[in-house]
Every structure is written in C-alpha cells, then in structure tokens.
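Please read the numbered points beside the sequence and the model.

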Amino acid sequence: MKFVHFSDTHLGKKNFKIDEREKDFEIAFKKVIDFAIDKKVDFVIHSGDIVDTGKPSYDSINFLVSQLKRLKKEDIGFFTVPGSHDVAPDGTIISVLDRVELLVNVGSKKYYKSQEDKVILRGEVYKNVFIAGMMGKRSKIIDFYKKLVPKFEESKFKIFIFHHIIHDISEKFGDIPKEVLPKGFDYYAGGHTHTKYIAPYEKGIIVYPGSSEIWDIREKEEKGFFYYDQKIEWIPLKTRNFIEIDIRISGSPEQITDKILNKIGNSDGAILLIRIKGKLTRGTKSEINRNKILEMAQERGYLFANIYLSDLTNPDEEEIDSDEKSLDEIERDYLKKKKYSGKNLDIALEMIEIFGKKMNQTDLEKATKEIIKMGELIEDKIN
Ligand SMILES: [Mn+2]
C-alpha cells in the first residue's frame, strides 16, 4: 500500500497580488499529483485548506478539477476534510467536489452519529485501508473530539484526517491536546499548521506535512509532502525564493535610495523584501524612489520587490530603538499591547496581512470580533 499525504495547498493565494504567486501554488499542487501518478500510489490524503478562500475563483476551481480528474483516471482516490480556509458561510467547494465524486470528504456529517453522550465516527474502506476524519468544526472542539468513538471496519491500515493543531506544536496556537485524538489509528494525517511536524502517538504516528508553498513570508522552512511506502519519506518541493535584506542607514531620501540600489544583486525570479531601519535626515519617506528600486530589481531578475519603511524615523521624530526586531515581531508587540492574545492575535495578524495594513485599530477590532462570531455560526453548515 502506497499513498501521498499533503496539506494546506491554499490554491488561489496570491502574495503581493502577483499572478505568478498564484501560479506557484498551482505548480506545487501539480507536482504532488505528478508524483502520486508517477509512483502509482493507491490514494492521496489531503488534510484541508485545499483552496485559500471559501469562495475560490473559477480559475482555481478549474485547476483543482483538472488535477482531481487526472487522479480519477488513474484510479487513485483523494480523501480529505474541509480546512478552515475551504469554508464559506453557505458551504464548501469540498462537498461539491465530493458530490461529483472527484474526492471523498470524510469530514462530512454523514460519518457522525450521536449516541447518548458519544459520537460514533465512521469512515470509508478503500483498497483495504480504513479512512476517517474530523469535520471542520471550530468551537468546543476538544469536547467533540473526546466524544468520538471510531467504528473501525476490517482493514490492514487505518488513517485519521484532521485539520487542527495539537498543543505539542504550539501551546499558544494549538487547538487540541493530542490525547483527544481517537485511539487505534496507524496514521494521523494533520493539517492547519504550515510547518512540517512528526511525532509518535499510541501505536501510530502523527504527521503534519505543512503548507506546500510559502503562504506567509513568516514561513521560512522547507516545503514539501510525505510519501508512504512501508515507511514514511519527506519529499521536498522547490518553492519561490524569498530574499530579505535589512538595511540600517541614516540619510536623505536620495542617499537611502542609492544605498538600496547598491544592495540589489542578481536573481532568477526571487521575491525581494527590503527593510529599512534608521533615520531620515531630511525630506519624507515618499521621496525614496520606490519605482526606481522596483525597476532595478526587475532588471536584475527579481519577480518582485517590496520595501518596508515603518522602522525608518522621520526627521522630526525621536528614533525608535527597534533592536533587530522583525516586522512580524513589531506587529505582534503592538497587538499584544492592545490586549490581543492567542487565536485573536493570530486572526488580527492575518487580517493585517490581508488588508494591507490599511485598517485602523477600531475597524480591526470590529472585524476580528465579526470573524470569530461568524466562525461559530457557520460551522454547522459546512459539513
Ligand atoms: Mn492552512
């Protein structure tokens, strides 16, 4: 028995609004499907977040359907559960694709049956493998896990697919203690965290492949997926290169522009992120010649360049001692000061990313609250 396990492919994600970045996510997805077909695996497991939004574009849907059809033609099953990103208020593309039999959503409501204070968990037997999963529920999740009683069927291998982070990975952002995962499976196929993680559990193993592309510039680890054939093997995926340069300088807008231009080397398609720290001795930040810098970066072979000036102090301001803090840490510190913590902090950071830092504090708080409320309302509808 052979299978491929991947996760968090986020089709439709488009960092910096660059078309090529959307393609990068498709390329990563296709590489996994190519591999699965080449190795003639029995089936494919995806642990959720196939697409980046609950309402994916027709381009994303077309691409996804074409890849699932390739598997179908080779008689390779595709098993998944809806991830947090796959879901819209009125449903999920995952259940549509299940209906047309291009994949199997083992997180569908039909696999769960309440019985007194327990929930009987059923699954599918496919090529002598039992595959079950956890529905895309977000609230009271620990209690729900505790109630699960798997109804195993005759099979030589048992897989449980889920889209929650165990506390061992992150005490802060974790959803569940691993001890609530139903016992008796051989392979626990996890998703949601974008970082690779493996740990033994009971008689089986917990496996998170992480995301298949760099979804957020804070994700710096190698991307890839797992291939199971008697033993488990990590298959790396070559992803878009991100190059980050920190420049500490004090000077005029012209001096800063020149300094940046001097720092731009050659590249074959990387994304360049330049962070400027220091003090502007005269003029304004807008006088730094962004266009010239971006043109130069493109001439030198970069796909895209972005310049961050929030650590650059204006001539009339006190210089802030930002140490060597990353942008992420600065945002995080700021939000913590505003009493964000745990999941809300995470959501707020994601929203800052999404809304391009244009949202003010009140709107951000309002939107965060709305999102949390919406999450609780919609989760009954998604399975
Ligand atoms: Mn994800």
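1. Lys 17 is placed in the loop between β1 and α1; helices (H or I, at least four residues) and strands (E, at least two) are DSSP runs, numbered from the N terminus. Its phi is near 60°, a positive value in a residue other than glycine. Lys 17 is exposed, at a relative accessible area of 75%, where exposed means over 50%, buried under 20%, and partly exposed in between (1.4 Å probe, protein chains only).

2. The model is predicted, so local features need pLDDT of at least 70 and side-chain atom pairs count only at pLDDT 80 or more, whereas totals for chains, interfaces and linings use all residues. Residues are numbered from 1 along each chain as its sequence is written, and side-chain values use heavy atoms, with hydrogens and water left out.

3. As to overall form, the chain contains 9 helices and 20 strands. Its C-alpha trace spans about 75 × 45 × 35 Å along the principal axes.

4. How much of the chain is buried? Buried residues account for 52% of the 383 residues. Of the contacts with a separation of 6 or more, 72% are between residues 24 or more positions apart, a contact being heavy atoms within 4.5 Å.

5. Which residues donate to the manganese ion? The protein donors are Asp 8 (OD), His 10 (NE2), Asp 49 (OD) and His 194 (NE2), at 2.1 to 2.3 Å from the ion. Donors are N, O and S atoms within 2.8 Å of the metal (3.2 Å for Na, K and Ca); water is not among the atoms, so sites may look incomplete. The spacing of the donor residues in sequence is D-x1-H-x38-D-x144-H. Distant parts of the chain are linked by the pair of His 10, in the loop between β1 (2-6) and α1 (19-38), and Asp 49, in the loop between β2 (43-46) and α2 (58-73), 39 residues apart. His 10 and Asp 49 are both buried.

6. His 192 also deserves a comment on its backbone. Although His 192 is not a glycine, its phi is positive, at about 105°. The residue lies in the loop between β13 (187-190) and β14 (197-201).

7. Is Phe 160 buried or exposed? Phe 160 has a relative accessible area of 0% and is therefore buried. This residue belongs to strand β12 (residues 157-162). Beyond residues up to four places away in sequence, Phe 160 touches several others, including Leu 121, Met 134, Tyr 145, Leu 181, Phe 185 and Tyr 188.

8. Lys 285 sits in the loop between β19 (271-279) and α6 (290-299). With 24% relative accessibility, Lys 285 counts as partly exposed. Setting aside neighbours within four places in sequence, its contacts are Leu 280, Leu 309, Ser 310, Leu 312 and Asn 314. Lys 285 and Asn 314 stand 29 residues apart in sequence, and their C-alpha atoms are 7.4 Å apart in space.
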